[in-house]
Amino acid sequence: MFQIRIHGRGGQGVVTAAELLSIAAFLDGKHSQAFPSFGSERMGAPVTAFCRISEKEIYLREPIMEPNAVIIQDRTVIEPSNAFHGIVDSGFALVSSRAPVSCNNKSIRVSCIDAVGVAMEYIGKPIPNAVLLGSFAALTGIIKIDSVIAAIKQKFSGTIAEKNIKAACFAYDKTQKGDL
Amino acid sequence: MNKPFAVVLDASTSLCNKTGSWRTKRPEYITRLPPCNSACPAGENIQQWLYFAIEGKFFDAWKVMVERNPFPAVIGRVCYSMCEKACNRAITDGAVNINLLERSIGDLAIAKGWEFEKNANYPGKKILIIGAGPSGLSAAYFLKKLGHEVTIYDNHKKPGGMMRYGVPRYRLPNNVLDTEIKRIVNFGVKIICDKKIDDICAAIKEFDAVYIAVGASIALKPDVKIESGSNIVDAVGLFQKLENEDKDLPYLGQTVLVCGGGNTAIDAARSSLRLGAKNVKIIYRRTIDDMPANENEIGEALAEGIEILCLRTISKVDKNKIFVDKMNYDREASILSKSGELEILYADSVIFAIGQSVDKDMFSNIEGINVSENGVIEVDENMMTEIPGVFAGGDAISGKRTVTHAIAWGKKASNYIDAYLRSTKVTKPPKNEVITFKRLNVAYYTKNPRKNVFIPMDISFKEKDTSYSGKKIIEEASRCFSCGNCFHCDNCYGYCPDGTIIKHKDGSLEFNYDYCKGCGICASECPCGAIKMIEE
Amino acid sequence: MLCQLEGSQAIARAIALCRPKVVCAYPITPQTHIVEGLGELVRSGELSECEFINVESEMAALSVAIGSEAAGVRSYTATSSQGLLYMMEAVYNASGMELPIVMTLGNRTIGAPINIWNDHSDAMSARDAGWMMFFAETNQEALDLHIQAFKIAEKTKNPVMICVDGFILTHAYERVDIPSQEEVDKFLPFYSPEVCLDIEEPLAMGAMVSPDYFMEVRYIAHIKQMKAIETIGSISEEFFQKFKRKSGGFLREYEIDGAETVIVSMGSVAGTIKEVIDELNANGEKIGLLSLICYRPFPADILNKALKNAKKIIVVEKAFAIGIGGFLSREIELAIKDKEIVSVIAGIGGRNITRSMLKECFLQKNNNQSTKFLGLNEGIIEAQ
Amino acid sequence: MSSLTLGNRIKSENVTIQASRLRPNTISSGHRACQGCGEALAARCAIDAAYEAANGKIILVNATGCLEVFSCATPENAWKIPWIHSLFGNAPAVASGVAAALSNQKRNDIRIIAQGGDGSTYDIGMGCLSGMFERNDDVLYICYDNQAYMNTGVQRSGATLPFTRTATTLPNSKYMGNDPQTGKNVPQIAMAHGIPYVATASIGHIHDLEQKIAKAVQINGARYVHIHVPCPLGWGFEPSKTVKIAKLAIKCGLFPLFEAENGKVTKSTPIDEVIAVDDYLKAQRRFAHLFSKSASPDPLSFLQKIADKNIEKYGLKKGISNE
């Protein structure tokens, strides 16, 4: 089972990111489970969402405390959300950040992408989730980029879907190239 | 259907709950005596005939009238209308114009040629009636109705008595009177005129009973000092001469003073105008509101320019100089007194219309028929004289001398005579309680003030046609409050919170005491006081 | 059709497949996504011939459903927590009038203190209201239960409440198999009640009932609901036949054969418990799980049979009554006597229930405490 | 004869349905209302009128209260038409539900009426009522206003008049009955929702009441008719006086009869002859303390001012007609 935790702020599409991840995994033929950190979601407040991906049916309902990967949509939440907490050895941390980010646990593979910058360029809004998912697909190989695209298509429609797909693909390619 | 138990119920199942057991008082439909009926000397069921008139059932209305009065068209013209004075509507917006309605329906009967319904031949007794005035004719009609054979003798040229000789023609045209008398003749009553009764005792032997209804034909002498050379006329004498088209009419002159307050006084005044007088005044002791004459008659007299001088009595007539006392009248205490103030009037003639008395001479040689000092024939409580089988009635025995009273006497006499002939007694049905204004809910009646009809007329002896026709009869009759008698307004039915009143197809109403809780809203909201709450 | 859907959306789809004619609700977290989803399905026309009514309160929400159901059409509402309390008078009313309304309860605790997170306090507050109550373990089950719910309700003339853990299920994206409209139509016939407000056959519903009849009314309701156990079983069986999926019914057993300790729980926590059992049994423990789906009517006999061989029963329950303790554990005692029953109060007000907590709890022996509070922060308690 | 009585044996126009031999009697005899109950009378008048206007296609939703209790208690149901009682405070919402169901079935020919007393209308059911109004649901709501909680023994409601004696506003040395600074006006609140039709009516004027109900029934959307129903028990007068008291309330101006469409007063029923409020108040024991020897005249003048204001506001001397 692969467990992903997503950190960000209300309004950045954190829960959507988890949802898209779970849909992408589903489209890959896997079992997946996405759920938010429950609460009254207020714009700007730190938000966490979770996603489990497995070959088998998933029973577990506890929050993800030992993720295989974290996706951090806003580097400023790392501290308040204790975003690197519990990541398994050699786990992934994908951070939306222009500047490099470091982690005390050196076994964690930290990658940074200026997801907001890419989002502004492709989508015109500072919503980095599609960019990060593209990058995540490339980084971990847990989900296929085609499934991410299909998930975005399922969730959104029209030009919004197109723009997000372009952004995701751009990030995927960039990550594939190791151009982070 | 599998309904949830107890929570879901079929419609109208409450009907099995007989809430009538809650009741401590029970409403009942009653009839109270309307004041008009109560006031009518003839005992006409006015409220009932108005009820039919409202429905446009004029024949039914007329039938109700003639149950008590064979002269609707006449009475509709000459009655003093006690009914209207008693009418509860008088307190709000004017009495129902009962008199005019009676005339209108009476005229309709004449126009339509309605006749009395002949009863099955009853082997009755033979009855002689002396006098074809209102009382005699009325008694004849009612006795005939009871199945008797009736003959009337009258010493005048024509039957009618005071109806013919006491009322001027412009008020009661001959054709109206003739038709209504003719109807009685058609009914089977034999009338023989120009017949002198020389020996009433002999006549009695021929008949099983006799009814003396000779009226009061002698004008009362006024208690006034009259100097010689004064021109004094009695009203009844004047009318008789007019009726007989006598050339030898008394001289009235230009200025006429009439003394009296009844219809006769008004008639005399108005007749004077018609006979050429220019200046006619009526002198009356009390106020105009106290005058017994009909409101309409007074109104018309005033309209014709007749002046009514109230609170005055004549003390002396000296040729054309009339000495008048001014009076004080305390209506509440009913005290009339001289004020001490004097007045002198001038007139070419003075007509007294102050009443009549019985012709004493008529019975002076008959033992058993006594005329009292008051000028009336003495009778016992059964209207019988000292001679068994000889009855007397009408103006001859009463002080209240109106056509209506006379008709009432006739009806009354018929009952006593019939009882005498059958050797039974007259039983009077119990009189219902008279309904007072307080018991009415007048708010339920649409405001509709009385319209008095004054048609400007040329001053002649021709009657003016004020009779209502169909629609107007209904309109005016509809002003009736129907005091004390259900008129099917459905208030009780509609206001009952428990829906306990059953309304039948014919509109009649019935309490369903199974459900009536006795709240009394029905009685409380009845406009006419025709429901009474009675303790269970 | 397999889909990856949020629980609330899955429920909304299930409801839409049942073709309700009236849907009404008042927003309350965590129920909101369900009615939002339905609102959208109605607006898009996917759920056609359905009146979607935005009401002013939960009281009105259930009252509208009472009205429409009484008028003879399939009606649905959803709520949570305080909303259920606010409509509670109507909750009793709907069952008292035998109106087969289906309601989703997105389970959330009850304040004060105000708290929007999951536990079963709200459901427990309505446990005696005469409704049938079912708890979903997964979103798939939630979906399936709703389809069964209308059939159960309409057949037994008893309203049905489907309890779905707030956030944990309502907000979780999972794989669900959504049946086709044809399949659902075959399973759930057109609703045509025998008794309703009908001008052709006027009846009065909701009469006042005096002491002369009231006890009988309640007795009959009790007997009817106990009898409904048969109906629930057969409908679950029919569902399995038609949809080839075991769903609904009374309880679900996991590793129960030979289990010495049997865990009893309701709702989504069963998933985590299963993971814990797998792990512990791999190490030689003999633990099984009995996930109770049908809470009302309380299937005591069925539970009794299922728990017959257990030596110890641990009831993991997400609600308790102040002043006495767990509800479910006490009711389990009705089903089975003379067994050690431990009540574990867990997840109150949204407190996480983790594998490690459960593991520790299941392994604890010689327990003198009959009621335990899972994950209680002793530090806070002491400080108070 | 008169057009002011309920019936007229001669004319067929301007007579009430209540006078008709074939009136529907939607509420049957055998119900358990008190003797002289104004509400029982009003209910039959109103629902019969509605029944006629809707060709018999009526469904009733009843809030808890006197009317509900006396009309439908196992095993006896007085209603002739489909009827449902749910709760005290939810009748408008239940009616909305019935309306939704019927609208769904394309049965807009069936008209829905919700009804309740002033307690359920003014107080406990206000939220549901406002919601029903605001959504403009196709429901006619009838409030039978007897100005207190009669079913529970005459306690004060939001409709209780100033200075009224009720079981919870007993006059004593400090208070002259109900606090005059309290209370609300639901017809005005209904109008503020801008619903198509609002009217006040009284059992003191059945012609007017029937016309208003008939009109209301035929309008689509949310409608509100407020009927003044004197209560012999709660107000303290002889059961036979129910209709009289209702008439006095109209005549003195304390209960104005008017109609409003889309939030604006369009018509008012003129008073023939305005009377002083005293004539109305002194006929009832609930105001007896205002007429005791030691009573201050202030409460009476306060109530007179309310009446005067009504007369002015609704043009009751001549009546308004903007039709």
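**View 1. The buried residues of helix α10 in chain B.** In this predicted model, the buried residues of α10(B) are B:Val176, B:Leu177, B:Glu180, B:Ile181, B:Arg183 and B:Ile184. Look down the axis of α10(B) and these buried residues fall within an arc of 145°, so they line one face of the helix. And what lies over them? The cover for the buried residues of α10(B) includes α4 (72–78), α7 (98–112), α8 (134–145) and α9 (162–165) of chain B.

**View 2. Helix α10 of chain B from end to end.** This helix takes in residues 174–186 of chain B, 13 residues in all. At 1.5 Å a residue it should span 18 Å, and because its end C-alpha atoms are 18 Å apart, the two values agree. After α10(B) comes B:Gly188, with a positive phi near 120°.

**View 3. Chain B, the setting for that helix.** Step back and you'll find 18 helices and 21 strands in chain B. Its C-alpha trace spans about 110 × 60 × 45 Å along the principal axes. Of the 536 residues in chain B, 49% are buried. Take the contacts in chain B between residues at least 6 apart in sequence: 73% of them join residues at least 24 apart.

**View 4. The largest nonpolar core.** This core has 459 residues, and those with the most contacts inside it are B:Tyr211, B:Phe391, C:Phe134, C:Ile162 and D:Val98. Helix α1 of chain D (residues 38–53) gives the core its largest share, 11 residues.

**View 5. Around D:Val98.** Which residues does D:Val98 contact, leaving aside neighbours within four places in sequence? From chain C there are C:Gly67, C:Ser68, C:Ala70, C:Ala71 and C:Leu197, and from chain D there are D:Ile59, D:Val61 and D:Ile112.

How values were computed. Residues numbered from 1 in each chain as written. Chains lettered and ligands numbered in written order. Predicted model: local features only at pLDDT ≥ 70, side-chain atom pairs only at ≥ 80, totals over all residues. Helix = DSSP H or I, 4+ residues; strand = E, 2+ residues; numbered from the N terminus. Buried ≥ 20, exposed ≤ 12 C-beta atoms within 10 Å, placed from the backbone. Contact = placed C-beta atoms within 7 Å. Expected span 1.5 Å × (residues − 1). Arc of directions from axis to C-beta. Core = buried A, V, L, I, M, F, W, Y, C linked by C-beta atoms within 7 Å.
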